[in-house]
Amino acid sequence: MQEREFEELLWKARNKDKKAVFEIIEMYRPLLLKYAKSNGKFDEDLYQELVCAVLKSIIKFPMKTEEHNNLYIKY
Amino acid sequence: MDKQKRTTIDEFSAYLQSAVRNTTINYMNDKSKIKEHEITLEEDLENVEGRGIEWNEMMEAHDIFWGKIDTEKLFAQVTDNKLLHILKSFSALHIKVLCLRILYEKTFDEIGMAIGISGKKAENTYYNVIKKIRRELGEGKDAGKRI
């Protein structure tokens, strides 16, 4: 994925675009699956917690002002 | 320009990775705390069984306090018919004193409190009853051991 595309995707996700949110979660699924293991077994509850962490990160991630402004003008 | 763009996605990935790592650590800590305070069914049952004895003692004390003394328990333990006949001829007060002293192993003060007389009177009553039993049985000092 191109950087610009990702920034747009992130921006859309921050603006509660469900499709964009799902796409970001899909992008980081391997990372989530890697961490969602408890005693070597997949932990469904932990996975859900990690998905929540992704959602929080989308909102809290400090985007650079210049990019933020450009995207704000665009959308 | 390319470098800066790459940095954005890398930054988000790093941000997300630390968030995910922290969430995992917190989740594991919470889980281990819960496990520390968890009681298995076996442990729970052991506690209940252990407390069962305390409960029975408490209920027995409660019954004694309210004057509910099971004199039948005393009669059930007597194997000698003659002795049983003598015991049944005693008044309720005498039987209660005997019961509390022999079955419940109470002190004379406790017996006095349970049936509303002084400790000294309870003691006198008890020894009078024992003396009467020995006299009725027409035996020596060993007669009391049948109870």
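Mentor: Asn39(A) sits in the loop between strand 1 and strand 2 (41–42) of chain A. Helices (H or I, at least four residues) and strands (E, at least two) are DSSP runs, numbered from the N terminus. This is a predicted model, in which local features need pLDDT of at least 70 and side-chain atom pairs count only at pLDDT 80 or more, while totals for chains, interfaces and linings use all residues. Residues are numbered from 1 along each chain as its sequence is written, chains are lettered from A and ligands numbered from 1 in the order in which they are written, and side-chain values use heavy atoms, with hydrogens and water left out.

Asn39(A) is not a glycine, yet its phi is positive, about 55°. With a relative accessibility of 75%, Asn39(A) counts as exposed. The cut-offs here are under 20% relative accessible area for buried, over 50% for exposed and in between for partly exposed, using a 1.4 Å probe and protein chains only. Lys16(A) is another residue other than glycine with a positive phi, near 65°. Lys16(A) belongs to the loop between helix 1 and helix 2 of chain A, and its relative accessibility of 76% makes it exposed.

Now to strand 1. Ser38(A) is part of strand 1 of chain A. Is Ser38(A) buried or exposed? Ser38(A) counts as buried because its relative accessibility is 10%. Apart from neighbours within four places in sequence, Ser38(A) is in contact (heavy atoms within 4.5 Å) with Asp43(A), Met28(B) and Lys31(B). Two of those partners also pair with each other: Asp43(A) and Lys31(B) form a salt bridge, with the closest N and O atoms 3.2 Å apart. A salt bridge here is a side-chain nitrogen of Lys or Arg within 4 Å of a carboxyl oxygen of Asp or Glu. Between chain A and chain B the count is one salt bridge.

That leads to the interface as a whole. Three residue pairs across it are in polar contact, both residues at pLDDT 80 or more. A polar contact is a pair of N or O atoms within 3.5 Å; within protein, one must be able to donate a hydrogen and the other to accept it, and residues adjacent in sequence count only if both atoms are side-chain atoms. On the chain A side, helix 1 (3–14), helix 2 (18–27), helix 3 (29–35), strand 1 (37–38), helix 4 (44–60) and helix 5 (65–74) each supply at least two residues that touch chain B. Helix 4 gives the most, with nine residues. By class, this side has 15 nonpolar, two polar and eleven charged residues. Ala, Val, Leu, Ile, Met, Phe, Trp, Tyr, Cys and Pro count as nonpolar, Asp, Glu, Lys and Arg as charged, and the others, Gly among them, as polar.

In total, 28 residues of chain A and 20 residues of chain B take part in the contact. The two chains bury about 2,200 Å² between them, 68% of it on carbon and sulfur atoms. In chain A, the residues that lose the most area to chain B are Glu3(A), Tyr35(A) and Phe61(A), together 27% of what that side buries. Buried area is the accessible area (1.4 Å probe) that two parts lose on being put together, summed over both.

Leaving aside neighbours within four places in sequence, Arg14(A) is in contact with Ile58(A), Ile59(A), Phe61(A) and Met63(A). Arg14(A) is in helix 1 of chain A and is partly exposed, with a relative accessible area of 23%.

Chain A has five helices and two strands, in the order α-α-α-β-β-α-α, and 41% of its 75 residues are buried. Chain B has seven helices and zero strands, and 28% of its 147 residues count as buried.
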